[in-house]
Amino acid sequence: MFAPYRLAQRRSQETSVVRVGQARFGDGSFVLVGGPCAIEGAAQIDAAARAVAAAGAPLLRGGAYKPRTSPYDFQGLGDDGLPLIADAGAAHGIGIVVEALAESHVQLVAAYADMIQIGARNMQNVPLLRAAARTGRPVLLKRGPAATLDELLLAAEYVLVEGNANVVLCERGIRGFDTHTRNVADLGGALRLKELTHLPVILDPSHATGRPTLIEPLTLAAAAAGLDGAIVEMHPEPQHARCDAAQAIDPATFARIASRVRLVRTALAQDDLAVTG
Ligand code: PEP
Ligand code: MN
């Protein structure tokens, strides 16, 4: 049986492994990515990188070009942010993930970042998908807020047909009708994706909920459910974040999440041993 997404389609039990720096998405580990919504300056991104590394997480996130809903909000540092996050990642021995918001950013983002993020608003921006794919860098593809799983998989297919096999999918919440969470975290959809595709699938609990109190339980749920990781907005001083302050967690909470993910994984591994051993 052939799905329209020929290359993304799952054909065996194996999940494809996508290597980014020290991280291995899809190898059975749970890859935790942390960092601010936006790169704001050298000291801020260095403090974030320090906190990510201290928690034992392998990847730092930070936006240089921000797709803000309002043109009057902080739009990111632009090109100037890239060397700052690259230096912070290098100083703390972790890889970096940066969004390319437009085709014109792709070359520069690829020159600095270990992984290129394609944001939710751009999931079906075909020229951007093709351009990101052609850099050869791994691509983190976020689900559009109103995209079906098939549409997400076909968007991933645009990267795969360019010969770039390194795609990680990200559920970041879809548009719902209730206002108590920013979006609806479609955990069931993310798990269904794992059945449909061999590509690794991670969760972004930050944009999915918009609420710092929900980040830990949802990340633990993702780890327990067998997703391949989570990308979390963490700011050294959340109350001063210039972008998405309302959903940012602090470094102590991030460290706690990292250690509790390990507890969940250990508990499940022991249960496996108990059943098979
Ligand atoms: C982000 O990760 O910074 C972001 C803007 O997310 P999304 O594209 O999911 O809204
Ligand atoms: Mn954000």
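In the predicted model, Leu 149, Leu 152 and Leu 153 of helix H5 meet Gly 189, Arg 192, Leu 193 and Leu 196 of helix H6, where contact is taken as heavy atoms within 4.5 Å. By class, this contact of H5 with H6 has five nonpolar, one polar and one charged residues, with Ala, Val, Leu, Ile, Met, Phe, Trp, Tyr, Cys and Pro counted as nonpolar, Asp, Glu, Lys and Arg as charged, and the others, Gly among them, as polar. Helix H5 spans residues 149–161 and helix H6 residues 187–196, and the two pack at an angle of about 50 degrees with their axes 11 Å apart. H5 is therefore oblique to H6, given that angles under 35 degrees count as roughly parallel, over 145 as roughly antiparallel, 65 to 115 as roughly perpendicular and the rest as oblique. The crossing of H5 and H6 is right-handed; a crossing is so called if the near helix is turned clockwise from the far one by less than a right angle, and left-handed if anticlockwise. Axes are lines fitted to C-alpha atoms, for helices over the stretch in contact, with angles running from 0 to 180 degrees between N-to-C directions, and helices (H or I, at least four residues) and strands (E, at least two) are DSSP runs numbered from the N terminus.

Residues are numbered from 1 along each chain as its sequence is written, chains are lettered from A and ligands numbered from 1 in the order in which they are written, and side-chain values use heavy atoms, with hydrogens and water left out.

Helix H5 also packs against helix H4 (residues 126–134), their axes coming within 8 Å and crossing at roughly 40 degrees, which means that H4 is oblique to H5. This crossing of H4 and H5 is right-handed, and Val 126, Leu 129, Arg 130 and Ala 133 in H4 meet Ala 155, Tyr 158, Val 159 and Val 161 in H5. The contact of H4 with H5 comprises seven nonpolar, no polar and one charged residues. Within H5, Val 159 counts as buried because its relative accessibility is 0%, the classes being buried under 20% relative accessible area, exposed over 50% and partly exposed in between (1.4 Å probe, protein chains only). Apart from its neighbours within four places in sequence, Val 159 is in contact with Leu 129, Ala 133, Val 139, Asn 164 and Val 167, and its C-alpha atom is 7.6 Å from that of Ala 132, 27 residues apart in sequence.

A further helix pair is formed by H1 and H2 (residues 81–92), whose axes come within 9 Å and cross at roughly 35 degrees, again in a right-handed crossing. From H1, Ala 42, Ile 45, Asp 46, Ala 49, Arg 50 and Ala 53 meet Leu 84, Ile 85, Ala 88, Ala 91 and His 92 in H2, and these residues divide into eight nonpolar, one polar and two charged.

Cys 37, in the loop between strand E3 (31–35) and helix H1 (42–54), and His 207, in helix H7 (residues 205–209), are 170 residues apart and link distant parts of the chain. Both Cys 37 and His 207 are buried.

Asp 244 lies in the loop between strand E10 (229–233) and helix H9 (251–276) and, at 18% relative accessibility, counts as buried. Its phi is near 55 degrees, a positive value in a residue other than glycine, whereas most residues other than glycine have a negative phi. Pro 236, found in the loop between E10 and H9, counts as partly exposed at 24% relative accessibility. Leaving aside neighbours within four places in sequence, Pro 236 is in contact with Gln 44, Ala 47, Ala 48 and Pro 251.

In helix H8 (residues 215–225), the buried residues are Ile 215, Glu 216, Leu 218, Thr 219, Leu 220, Ala 222 and Ala 223. Gly 226, with a positive phi near 95 degrees, follows H8.

Methods. Predicted model: local features only at pLDDT ≥ 70, side-chain atom pairs only at ≥ 80, totals over all residues.
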